[in-house]
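Student: I have a structure to look at. Can you take me through one part of the fold?

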Amino acid sequence: MDETKIEPPAPLPEVDHHVRAIWRGPPDPTSSGVFTCPSHPDVHQRRSGDCPECAKPLQEHAQRKPISHHLRDMVRRFRIGGALTLPVLVLAALHWIPDLGEDSWIDGEAIRWFQFLCTSPVVWWAGWPIFERGWRSLVVRRLDMFTLVSLGVGSAFLFSAAAMLAPGLFTYAHQANGRIDIYFQAAAVIVVLVLLGQVIELRARSCTAIELESLPASDLPTALLVAPGGDHLVPLDQVKVGDRLRVLPGARIPVDGRVVEGSSCVNESMVTGEPSPVEKDLGDPVIGGTVNESGSLVIRAERVGRNTMLAQISEMVVLAQRSNPPLQGLSNRVSAFFVPVVLAAAGITFVAWMWFGPDPRFANALVAAVSVLVIACPAAIGLAAPLSILFSVGRAARDGVIVKSAKTLSDLAKVTTVALDLSGTLTTGKPVLMDVLPAAGLELEEFLRLAASLELESKHPLGAAIVQGAKNRGILLETATDVKTTTAGGICGTVAGHVVMVGKPAYLRSGRIQGLEPFEAWAVGLQENGKTALFVSIDGLPAGILSTVDTIKPSAVAAILELRKLEVGVVMVTGDDPRTAKAIARELGIGDVHAGLEPATKVALLKAWGAQGQIVALAGDGLADACALAEARVGISMGTGTDLAVPSTGVTLVRGDLGRIAKAIRLGRATTWNIRENLFFALLFNALGIPLAAGVLFPSYGILLSPVVAAAAMTLGSLSVIANALRLRSVKL
C-alpha cells in the first residue's frame with residue numbers, strides 16, 4: 001500500500017468538544033485515531049462522533065470491526081422498539097376481526113392512550129437516529145431516505161397525538177362514528193422496519209469484517225522470545241525487528257520474518273488461498289498469523305505491528321470497502337433528484353385527496369401522503385453500490401487478491417488487454433546461473449569471482465543468481481568499492497583493484513567498452529534457448545558472458561488460456577533481451593511481444609495503447625516497474641515474500657499467482673453487473689410503489705395503501721438489494 005504520508009490541513013477552529021479537525025481527502029494511513037464516514041469516505045475527523053454530511057456515526061478508518069458498537073446500539077433500539085410496537089400493532093389489527101372490530105372498547109380512550117404511551121418511546125427514542133439524520137440532511141441540503149422517513153413518521157405521530165388532544169381541529173377527519181382515526185401503529189411500525197433495515201445493513205457490512213478474522217496475526221497476545229537465559233513469553237507488542245522468536249509445531253507464527261533455524265511446513269491458506277502447506281527452510285520468509293504445522297522454527301522478526309503483511313491486508317481491504325465506485329456517483333445523482341420529486345409527489349397526493357377524495361378527506365390525504373413518503377425512501381438505492389463493493393473486496397481477499405479501491409474493481413471489469421512482464425511475473429523471479437563463459441586467456445574461477453563479488457552489492461535477482469552460483473562452486477568473494485548501478489542497465493565497481501562492469505551490451509558501451517560484437521554473436525544461441533545473457537568487462541576490455549535461466553511459473557500457461565476465454569488480449573512487455581523474451585513467449589503461446597524496453601519506453605507504450613481506447617492492466621514485479629504500473633489503467637503487482645507495499649498498483653496478488661488475474665477480472669465484471677442489478681431492483685420498487693401509495697387503485701378497487709404496508713415494501717426493496725449483493729460472496733471465479 002502507499003506509504004506516502006498525506007498530512008491533513010491545520011485543524012479547524014474548535015466549535016464544541018465533540019467535533020474537531022474535520023478535513024476531506026485520504027487519511028494518513030500511518031496514523032491512528034482517524035475516524036471516517038462509511039457513506040462519505042472523504043470525510044475525516046480526529047475524534048469519534050457523527051458525520052457532518054449524513055449524521056452516521058464515524059468509524060475508525062482502519063479498524064477491523066468498525067461497526068460493532070453502532071450495530072449493538074441499533075439492535076437494542078430495534079428490540080425495545082419492536083417489543084413496544086407489538087401490542088400497538090395487535091390492537092390496530094383487532095379492527096379487522098369481524099364482530100370484534102365493532103366493539104366500542106377497541107376505540108376507547110384507554111386503548112388510544114395506551115397506544116400513545118407505547119408509541120412515544122418507539123418514535124422519539126428508538127427512532128431518534130432517524131430524525132437526527134433527517135434533520136442533518138435538511139441542514140446540509142442533501143435530502144435522502146431519512147428526510148422522507150422522518151417527515152412521514154413525524155406527520156403520522158403528530159397528527160395522531162393532535163387528534164387525541166385537540167380533535168376539534170380536524171373537522172374533515174371525523175369518521176362516521178364521530179372519532180378520528182389515529183396512526184400510532186403506522187408510525188411505530190415504520191420506525192421498527194427502518195431500524196430492521198439498518199440492522200440488516202450493518203450486519204451485512206460486518207460480514208466481511210468477520211471474514212478478516214481469518215487473518216489473525218494481531219490476535220496473538222504473546223510470542224516466544226529466544227534469549228541467552230532461555231526462551232520466555234513476551235507480549236506481542238514488545239517484539240522488535242531483529243528479535244529471534246521460536247515457533248513450536250501447531251503454533252501460529254507471531255510476526256513476519258525469516259527462518260534462521262529449523263525447517264517445517266507452514267499452512268498459509270488464510271493468505272494465499274492455497275490449501276497445501278509450504279515447505280520452509282533456512283532463509284525462507286514466513287508470514288505472521290500462518291500456522292507452523294510440523295517442525296520447530298526459529299525466526300528473525302523483520303516486520304512487526306502494523307507493518308506485517310496481514311496488518312497491511314486488513315487495512316487495505318477495509319479502506320477499499322469504504323471507497324466509492326464510479327457507479328456510486330449515479331446512485332448519488334439519482335437520490336439527489338429523487339427525494340425532491342418524492343416530496344413534490346407527496347404534496348400533490350395530499351392536495352389531490354383533500355380536493356377530490358371522499359370523506360374523511362384529511363385522514364385519507366394524510367395516509368396517502370405518508371405512504372408515498374415512506375415507500376419511496378431511496379434506502380435501497382443508497383445500498384446498491386456500497387454493499388456490492390463490500391462483499392466483492394472481501395471475496396477477493398479470501399482468494400489472495402488484494403484490491404485497493406472500488407474504482408479498481410470497476411476498471412477491472414473494462415480491461416481489454418493484459419500486459420505481462422517477464423521476470424518475476426511470467427517466471428518465478430528466482431533465476432539460476434547456468435553458463436560461465438570467460439574470454440580466451442581468462443581463468444573461469446577468477447572471471448566468476450570478480451563478477452560475483454561486484455554483484456554482491458546488487459539488489460537484482462540476476463545478480464543474486466550469479467552470487468549464489470559462485471558460492472555453490474566454492475568461490476570466495478571479495479568486497480567491491482565505488483559501486484554504481486543503473487536501472488535496467490547494469491552495475492560497475494572496483495574489485496581487488498580491477499574495474500568490473502556487468503550488464504547489457506548497451507550499458508557496457510556507455511562505459512566505452514569496445515569489441516563486444518563477437519560476444520553478442522556468442523550470446524544469440526543462449527538467448528534463443530530462453531536464457532538471459534549478461535556481459536562482463538574487466539579493466540575496460542570485454543571479459544565474457546554469464547547466462548542465467550528463470551523457470552516459467554507453473555500457472556502461467558493456464559492463466560493465459562483463462563484470459564483468452566474472457567476475450568482479453570495478452571501481450572508481453574519486458575526489458576529483457578528480445579530473443580530471450582520471444583523464446584519464452586513461444587513456449588507460453590504469446591504472439592505479441594515487446595521486449596528490450598526501457599522503463600520510459602514501457603510508459604510511452606502504455607500511453608499509446610490508452611490513446612487507442614484500450615483498457616490495459618499491467619502485471620509486473622512491483623517496485624521495478626513502478627512507473628509503468630502507475631501509468632496502466634490497472635496496475636497488478638506480484639506480491640512476494642512479506643512485502644505488499646507497492647504504491648503504484650491497484651491490485652496485489654499475494655503469492656504472484658497469474659491465474660488470479662482472470663479471477664480479479666471476473667470479479668470486477670460480476671461486481672459492476674451486480675451494482676447495476678441492485679440499482680434496477682431499487683428503482684423498480686420505487687417506481688411501482690409511488691403510484692400505489694398515492695392511491696391509483698382507489699377509484700377502481702377502493703384500495704388505499706397503508707403506511708405500514710408501505711414501510712414493509714420499502715424494507716423489502718432493501719432486502720432484495722442486500723440478497724443480491726450477498727451473491728458476490730459465493731460467485732464462481
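Student: Which residues in H3 are buried?

Tutor: This is a predicted model, where local features need pLDDT of at least 70, side-chain atom pairs count only at pLDDT 80 or more, and totals for chains, interfaces and linings use all residues. Residues are numbered from 1 along each chain as its sequence is written, and side-chain values use heavy atoms, leaving out hydrogens and water. Buried means under 20% relative accessible area (1.4 Å probe, protein chains only). In H3, the buried residues are Pro129, Ile130, Phe131, Arg133, Gly134 and Ser137.

Student: How are H2 and H3 oriented to each other?

Tutor: Helices are DSSP runs of H or I, at least four residues, numbered from the N terminus. H2 covers residues 109–126 and H3 covers residues 128–139. They pack at about 45°, with angles running from 0 to 180 degrees between N-to-C directions of lines fitted to C-alpha atoms over the stretch in contact. Under 35 degrees is roughly parallel, over 145 roughly antiparallel, 65 to 115 roughly perpendicular and the rest oblique, so H2 and H3 are oblique.

Student: Which residues of H3 meet H2?

Tutor: Contact means heavy atoms within 4.5 Å. From H2 come Val123, Trp124, Trp125 and Ala126. Their partners in H3 are Trp128, Pro129 and Phe131.

Student: How far does H3 reach from its first C-alpha to its last?

Tutor: H3 has 12 residues.

Note on methods
Helices (H or I, at least four residues) and strands (E, at least two) are DSSP runs, numbered from the N terminus. The expected span of a helix is 1.5 Å times one less than its number of residues. Buried means under 20% relative accessible area, exposed over 50%, partly exposed in between (1.4 Å probe, protein chains only).
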